[in-house]
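Colleague: Could we walk through this model together? I would like to see how each reading is reached.

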Amino acid sequence: MDGEKVESLSGQPLPDATIPLDSNGAHSGDSEVKKRARSNSPNREAAEGAAKRQKGVAPIKAEYLIHRTDAKVETKDAIVDDDAAEAADDRYHKGDARDGGGKGKKDKKNNKKQKGGQNTSRTFGSSRDKLPLCGTRMLSNEFSPKECSFGDKCRFEHDLRRYLKEGRREDLTTFNGKCPIHEVKGYCHLGWKCRFVGSHSKERDAEDGRKELVLIEDSERTSTMVNLEDEVDVTNVVSKDVKIGLAKRKIETPRSDQYMKWIDSNKDNERAMFDSAAGDNKALKEEKEARRAEFIEAPFRPSEKRRLYYGPETPSLAPLTTQGNMPYRRLCVDLGCQITWSEMAMGMPLIQGERGEWALMKAHESEISPPKFLQKNTVVQGYDNASDMKFGAQIAANKPWLAAKTVEVLTDHCPKLRAIDLNCGCPINLVCEKGAGSALLDQDSKLESILRGMTYVSKETPITVKIRMGTKDNNPTATKLIRRLVLGGYEAVQSGKGTSGIAAITLHGRSKQQRYSRSADWSYIAECASLIKRLKSEKDARTDTTAEADPRDLANGGHVYFVGNGDCYSHEDYYNNINNSGVDSVLIGRGALIKPWIFEEIEKGQYLDKSATERLTYIEKFAKYGLQTWGSDEMGIGTTRRFLLEWLSFAHRYVPVGLLEHLPPNIQDRPPRFKGRDDLETLMASENYKDWIKLSEMFLGPAHPNFKFEPKHKSNAYEIEAEG
């Protein structure tokens, strides 16, 4: 780039993105060990040949390679633990990762047992003002502050001018110096604490001749707002009163209670019926039929739920812990994503009203719009695209009563949910040890019961499930489980409980044990897709028999959509999986984290060679969305920076298609050491977290002196420095 200024989405010059390289093609953040590894140039043909022969190495063109003195190909990331993408979040280990990492003590014993790369005890330092401003001054003009109930005993700063001069860092000049929140709302709820306060404040002459600092708001826009504290363009915002009511157990769950009462009332009859069913004589059969009549009718039925649709035109963003936050989902929707999911939320914290877990349910208005609908796949009778939406919630629960209560409070207080998905794929030990996640794959009867309860209490919201191939390598059990979830277990259908009532199944083509160590098995996904099609015929064959499922227990008109998941990294992967594996659509996880424009590639049906400048505008967008979500004060900027760096820990793996010898790229491939087509592209490929911080500073300003970041994926640069 040689000093060239990069333009932002708004057409304004971005901060200087030129990063000097030394003579060996290294950035300033690289360690000495890496610089020495790049210092000499070997025979190009030998290095290129090694790259082509070595499995798992991205085929980068020779002119972009940084060569070693031997023929060995050094890849940037030798080992990557991608469970960090799906569920290895600090909030499952201590406190809540969204509020700064929690305050719990480190469990050294458990940490030693964890595999490297999960970083279960990461800390992020703090991003706070030097002199915290008292809340009574934050939104008040200088000469008309609210009264502080603590008086002289208050530990916070009351002198506004001193706070602005000594208590906080200077205003940011990014985004043209304008507050991203004020630009949307016409009002900034962070007042004087905002790092862009200069754009919505001024000094005016008071009546007594003094100069007074005052805040500015756009009265035309704020006049339409009921509460100036409300988040603009955000839905599923649960009030503080509801969370307190849940915490104090003042909010009841009558539908769940009725369902559990129904289960208990039929328990004895069910046991007696199947005890008497042993044998084929006429007397036993008559007794069995008599006991069937004793069963109590189910209190709720799933047949009238809102219909779902999946097709080739609806690529979905997977529920990703940490990285699946609202600003990142907004970015993906901007780039063509049609269905989004919340981060996996744990059931117990939700029904206990914990703020951090309920924050996961918030969705931007762009996620509430209908997904694209071109009728390229089976359309269920009664489907209404106008009432459909993109955003759904994913939960984890280990017991029928917990799952039912979780779904009930979600559907009562979050009206904008496309569906609620039960996670049965999370492989993380701390989730599975509690009987949730992948642990449910080996308990098919319990899983069916959990899903049935969720279906009965979710009102019009459909229920879906995400599973893996099984828990053990070389022992896939998904076909058996899918048969049960679609047709219903024998005992459930015989006793009148009905099927699980799910509207869709998503299968991740890996086992719990495998995690991400090998490629996803799309041949097995194809086998399961074929099975679901056969089960439709089998259901039809059950008509007019005692084994036929009650139509009232069939969600989505009896049609179960099937979605595949695993290693989708290009439009070619996407359409090959749909055409050859027979899935209705594909759920995309790591591929979207590495390049969120994969949805745009799918829509256009072609590879997009995004320049470093274009990719930088996506970082700018995320930063802006982050400030609007987490705040434009010092703490909000620190939170935005942390989540931006979490994303960049994936995004740096992207190898521009213009640098590759041949296509398609493979998500499992790791690139040899390479340089980009300009300094910015080289910087964006760096695996050194200090370079990621430099990228964040282009839009969020210099990091707070106390800010820390430890990547989940311990890159070579980080490990070399950490180990000396």
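Colleague: Happy to start with a loop: in which loop does Pro664 have its place?

Modeller: Keep in mind that this is a predicted model. A cis peptide bond joins Leu663 and Pro664, with omega at about 0°. As for its place, Pro664 is in the loop between H25 and helix H26 (679-684).

Colleague: Staying with H25, how is this helix oriented to H27, parallel or oblique?

Modeller: The axes of H25 (residues 634-651) and H27 (residues 689-700) come within 10 Å and cross at roughly 135°. Angles over 145 degrees would count as roughly antiparallel and 65 to 115 as roughly perpendicular, with the rest as oblique. The angle therefore makes H25 and H27 oblique.

Colleague: Nice. How many nonpolar residues are in the contact of H25 with H27?

Modeller: On the H25 side, the residues are Ile637, Thr640, Arg641, Leu644, Leu645, Leu648 and Ser649, and they meet Trp692, Ile693, Leu695, Ser696, Glu697 and Leu700 of H27. Sorted by class, that contact holds 2 charged residues, 3 polar ones and, for the nonpolar class, 8.

Colleague: Now for H12 and H24: is their crossing left-handed or right-handed?

Modeller: Helix H12 covers residues 326-334 and helix H24 covers residues 612-630; their axes come within 8 Å and cross at roughly 135°. H12 and H24 are therefore oblique to each other. The crossing of this pair is right-handed.

Colleague: Which residues of H12 make that contact?

Modeller: From H24, the contributors are Tyr618, Lys621, Phe622, Tyr625, Gly626, Gln628, Thr629 and Trp630. By class, the contact of H12 with H24 has 8 nonpolar, 3 polar and 3 charged residues. From H12, they are Met326, Pro327, Tyr328, Arg330, Leu331 and Asp334.

Colleague: What is the relative accessible area of Asn176?

Modeller: Asn176 is in the loop between helix H6 (160-167) and helix H7 (180-185), and its phi is near 60°, a positive value in a residue other than glycine. Asn176 is classed as partly exposed, because its relative accessible area is 47%.

Colleague: How far apart in space are Arg590 and Tyr569, C-alpha to C-alpha?

Modeller: Arg590 belongs to helix H22 (residues 590-594) and counts as buried because its relative accessibility is 6%. In sequence, Arg590 and Tyr569 are 21 residues apart, while in space their C-alpha atoms are separated by 7.9 Å.

Colleague: Last one, on the whole chain: what share of its residues counts as buried?

Modeller: The protein chain has 28 helices and 13 strands. Among contacts between residues at least 6 apart in sequence, 76% join residues at least 24 apart. Of the 724 residues, the share that counts as buried is 58%.

Key
Residues numbered from 1 in each chain as written. Predicted model: local features only at pLDDT ≥ 70, side-chain atom pairs only at ≥ 80, totals over all residues. Heavy atoms only, no water. Axes fitted to C-alpha atoms, helices over the stretch in contact; angles between N-to-C directions. Helix = DSSP H or I, 4+ residues; strand = E, 2+ residues; numbered from the N terminus. Parallel < 35°, antiparallel > 145°, perpendicular 65-115°, else oblique. Left-handed = near helix turned anticlockwise from the far one by under 90°. Contact = heavy atoms within 4.5 Å. Nonpolar A, V, L, I, M, F, W, Y, C, P; charged D, E, K, R; others polar. Buried < 20%, exposed > 50% of the residue type's maximum accessible area, 1.4 Å probe, protein only.
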